Amino acid sequence: MSALTADIPFGPFEGVSIRAYAARSKQARLHSGRDCSSLSGVDAVEVSVPLTASSVKRMCSGCARSPRWARPTTSLGVFLETLMGVGLLHELSSYGPEDLADDLEGRNVAGAAELLRLGEYPEDEEDEAAWKAHEEARFVRDELLLPFWLGAAESLYRAHEVVARYPWLSDWARPRLAAKAAYAEELRAAFADMVVPGNLLDAAAAAQLSQPELPVDRVEFSVLGDPRRALTNLWKRWQAEASSRWTRLEEHTSAEWHVLDAAMGNKRKGRPEAEQALRELTGRWTAAARALSGESGTLPDRWLIATLPTPDKRHPRLAELVALLPRWHLGVLAVHTVAVDWRSRTVLLRAPDLVGRVLLDDRVLRCEQVDRPDEPAVALDEWNSEERAPDALQPGVLDDGPVADRRTISSDQAEALGETSAGHQLYLVQSSAGVEVVHLDAIAKRGDPAWRGVLLTGADDLPRSLVEPWLAEISSWDENSRFDPLGTQDGEHQLVRLSFGGPREIEADLRTLALARIAPDLRRINTEHGQSLRWSVWRALLSPHQLDLTPFRSPQEQGTRRRSGLGLPLAVLSHVQLYTTNYRPEYYRKGHSPYCSHARRQDSLDMGYDLLSVAELLVLKQPDWCGKCGGYAVRRLDDVQLRYYRSAHQLLEISEQLDRHREGDDVEDLRAELDEVANLRLGRGHDYGVDMQEWQEAVRTLRGRLDGRS
C-alpha cells in the first residue's frame with residue numbers, strides 16, 4: 001500500500017487547499033495532473049479542493065499514489081512525499097511475512113539451525129551430501145534471515161522517523177508498526193537460533209588475550225624467513241579473525257595459510273613441518289581463549305545499551321550493517337538482545353561479562369552499561385526519551401505563505417528536509433548569526449542543537465516574474481555573442497554554454513545563481529561530501545581572468561614595472577573577492593585558481609581555499625602565483641564595478657598616450673575620451689565621495705596636460 005486512503009490523518013494539513021484536475025461534473029474523479037492517462041480525451045478543468053477524507057475518496061487510484069497534489073517545496077509537498085512513493089506507506093507495507101515466504105518455501109529452517117549449531121562445515125570432508133546441506137543452511141542464515149531481519153529493522157527505523165516528524169500519524173500508525181516490530185523479532189529469534197552463544201563467548205575471550213611469547217627458535221619456523229615477523233603476523237591475523245566471527249575457534253585457519261604462502265610461496269621443502277607447527281601454535285591460543293571464557297562463566301551478566309553506528313554522521317541503511325559490522329557483533333545483537341528501539345537505533349543487551357567487556361572496550365558499537373531493569377522495554381524507552389526525532393514539519397516551515405508567518409527550524413529539521421526533494425536546492429536562510437546562502441545539509445552537518453533559523457526562500461521558489469525574462473534574454477544569445485570576460489553577463493553566457501539539459505536545466509541554474517550571487521563567502525555554499533553547485537554555476541560566479549590593477553597603483557609603487565600607475569582609488573572594487581589555493585608567499589606552494597589543473601578540486605570551492613579582497617591584493621608583496629592560471633579566480637564584476645574598472649583603464653591609456661608625446665596623437669580625440677569618463681557615477685548607496693574627489697583630481701590633472709599639448 002503506497003496510496004492515500006481516507007483513514008490517514010492529515011493533522012494541520014487537514015483542509016489545506018490542493019490543486020486538482022477533474023471532468024466537468026460534481027462527483028468526477030480528482031487527478032493530480034492533466035497528464036493522467038484517465039483524463040485522456042476528457043475536457044478537464046483545474047479545481048481547488050480541501051485536503052480531506054472526502055477528497056481522498058474522490059482521487060483517481062493512480063494519482064492517489066502520487067505526491068504531486070502540492071508543490072514539492074512546500075511543507076504539504078514534503079509531507080505527501082514523505083508519506084507516499086517510497087515513504088511511510090511503502091515502509092508499513094514492506095518486509096512482511098509474505099515477502100520472505102517464497103524464498104523460504106521448501107527450506108527446513110529448524111533443520112538448518114540444528115545443523116549450523118554443530119559447525120559451519122561437516123566433519124567428514126568427503127561427504128558431498130553433508131557439504132550441500134551445510135551450504136544450504138548457511139544460505140538460509142546469511143542470505144535470507146540475516147539481511148531480511150536487518151531490512152525489516154531498517155524499514156521500522158524509517159517508519160518511526162516519519163511518525164516522529166509528523167506526530168499526528170502516531171495513533172494511526174501504531175498498530176501497523178507493532179505488527180512490523182513483532183515480525184522483526186521473529187526474524188531475529190530465527191537467526192539467533194543459528195548462532196552458538198558459546199562461540200561468541202570464545203571470540204570475546206580471544207579478543208581479550210595479550211600477545212603470548214612466540215616460539216621463534218623452533219626449527220620448523222626457520223623456513224619462514226624472519227620467524228618473529230611471521231609469527232607476529234600470524235598472531236595478529238588469528239586474533240583479528242577469531243574475535244570478529246561467530247564460528248568455532250578451530251575453524252579460523254586462514255591466518256596459517258596466509259603466513260605460509262607469504263613466506264614460502266610455491267616452495268615445498270619444510271612446508272608440512274611448518275604447517276603442523278603453526279597449527280599447534282594456534283591450537284594453544286585457542287585453548288587459552290577457551291580457558292579464559294570458562295573462567296568468566298561464573299561472573300554475573302552485564303546489561304548494556306548499544307547504539308548502532310552512524311558513520312560520517314549519515315544515517316546508514318540498517319541492512320548495510322551486514323557489511324558495516326563484524327559477524328561477531330551481528331551475532332551478539334541477535335543472541336543477547338532483550339529489547340530494541342529501532343527508532344533510536346538502540347538495543348538493550350544482556351550479555352556474559354566477557355562479551356560485555358569487549359563491547360565496552362571496542363569502538364564498533366557505542367555501549368553504555370546500565371543497572372538491571374525491572375521492565376527492559378520501558379527502561380530503553382526512558383533512556384531514549386531525551387534523544388528523539390526532530391519537531392514536526394508543519395505548515396509555515398517552507399514557502400507556504402508570508403515570510404512574516406514563517407516558522408523557525410532546527411538543525412534536525414534541516415536534516416530531515418534535506419533528505420526530501422525540497423532539500424536539493426540552495427536556500428537563503430536567516431538566523432541569529434545573519435543571512436547566509438547554504439544547502440540544508442550544511443546546516444545539519446554543523447550539529448548545533450541550539451541553532452534556529454528561518455528559510456526565507458529556496459532557489460526553486462524565486463518568482464517567475466524574475467526568472468522568466470532573465471531566461472528569455474540569455475537564451476537569445478548565441479555562440480557569437482561577446483561580453484566582457486570579467487563581467488556577470490559573460491558568466492551567464494558561460495552558464496548557457498555549459499548547461500546541456502535544455503531550458504529546464506538553464507532555468508534551474510539561473511535560480512541557483514540568483515541566490516549564490518548574494519552569498520558573502522562562496523566557499524561556504526558547498527557541503528563537504530554533500531550538496532554542491534553545478535560546474536556551470538561556478539563558471540557564472542567566478543571569472544578565470546585576472547585583474548590588472550596598474551591604474552590603482554601610485555607611480556612610486558611600480559618599481560621595475562614598465563607601466564606607471566595613476567594612484568586611482570579602488571572605490572567599488574575594494575571588496576571584490578578573489579579565491580586562491582594560497583596567497584601567502586611565505587608558505588611553500590604556488591597559489592592556483594580553482595580552475596587550474598594543479599588545484600585540489602576543479603569543480604567547486606571549499607574552506608581549503610584562501611579568500612582575499614582586491615584591496616588586499618593591491619598591497620600584497622610578491623605573491624607566488626601559478627604561471628598557467630594566474631593564481632586566482634575573481635568573483636565576477638557587476639555593471640557598476642565593471643564600468644569603473646574599464647574607465648580606470650581608459651584614464652591610464654590616455655595618460656600613457658600623453659607620456660609618449662607622439663606627434664600623430666589627436667588631442668581632441670583624447671579630450672573626447674576623457675569627457676566620457678570624467679563624470680563617472682557609481683550609483684551606490686555607499687558614500688564614495690572621497691574616492692570620487694580623487695577621481696576628479698586625476699581627471700583634472702589629465703585635462704591640464706591635454707590643455708598644455710594643445
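**Entry 1, Trp477.** I started at Trp477, which lies in the loop between α18 (464-475) and α19 (488-498). The model is a predicted one, so I kept its rules in mind: local features need pLDDT of at least 70, side-chain atom pairs count only at pLDDT 80 or more, and totals for chains, interfaces and linings use all residues. Residues are numbered from 1 along each chain as its sequence is written, and side-chain values use heavy atoms, with hydrogens and water left out. The element names come from DSSP runs, numbered from the N terminus: helices are H or I of at least four residues, strands are E of at least two.

Is Trp477 buried or exposed? I found 16% relative accessibility, so Trp477 counts as buried (under 20% relative accessible area; exposed is over 50%, partly exposed in between, with a 1.4 Å probe and protein chains only). Leaving out residues up to four places away in sequence, I noted that Trp477 touches Phe483, Gln489, Glu492 and His493 (contact means heavy atoms within 4.5 Å). Glu492 is 15 residues from Trp477 along the chain, and their C-alpha atoms are 10.0 Å apart.

Next I looked up α10 (residues 254-264), where Ala255, Glu256, Val259, Leu260 and Met264 are buried. They span an arc of only 130° around the axis, which puts them on the same side of α10 (the arc is that of the directions from the helix axis to the C-beta atoms). Their packing partners are α9 (227-242) and α11 (271-296).

I followed α11 to its packing with α8 (residues 197-208): the angle is about 110° and the axes are 8 Å apart. Axes here are lines fitted to C-alpha atoms, for helices over the stretch in contact, and angles run from 0 to 180 degrees between N-to-C directions. The two helices, α8 and α11, are therefore roughly perpendicular (65 to 115 degrees; under 35 is roughly parallel, over 145 roughly antiparallel, the rest oblique). On the α8 side I listed Leu201, Asp202, Ala205, Ala206 and Gln208 in the contact, and on the α11 side Ala289, Arg290, Leu292, Ser293 and Ser296.

**Entry 4, the sheet with β7 to β10.** What is the strand order in this open sheet of four? I read β7-β10-β8-β9, with antiparallel pairing (two strands pair if DSSP finds at least two bridges between them). The edges are β7 (409-410) and β9 (434-438); each has a single partner strand, so one side of each lacks a neighbour in the sheet. Two bridges join β7 to β10 (residues 452-458), and I found Ser410 partnered with Arg452 of β10.

For β8 (residues 427-431), four of the five residues are buried, so the strand is largely enclosed by the rest of the structure. Five bridges link β8 and β9, with two residues between them in a hairpin, and Ser431 stands opposite Gly434 of β9. Another five bridges link β8 to β10, where Leu428 has Thr457 as its bridge partner.

My last stop was an open, antiparallel sheet of four strands in the order β11-β14-β12-β13. Here β11 (542-543) and β13 (610-613) stand at the edges with a single partner strand each, so one side of each is without a neighbour in the sheet. Two bridges pair β11 with β14 (residues 633-635), and Leu542 has Arg635 of β14 as its bridge partner.
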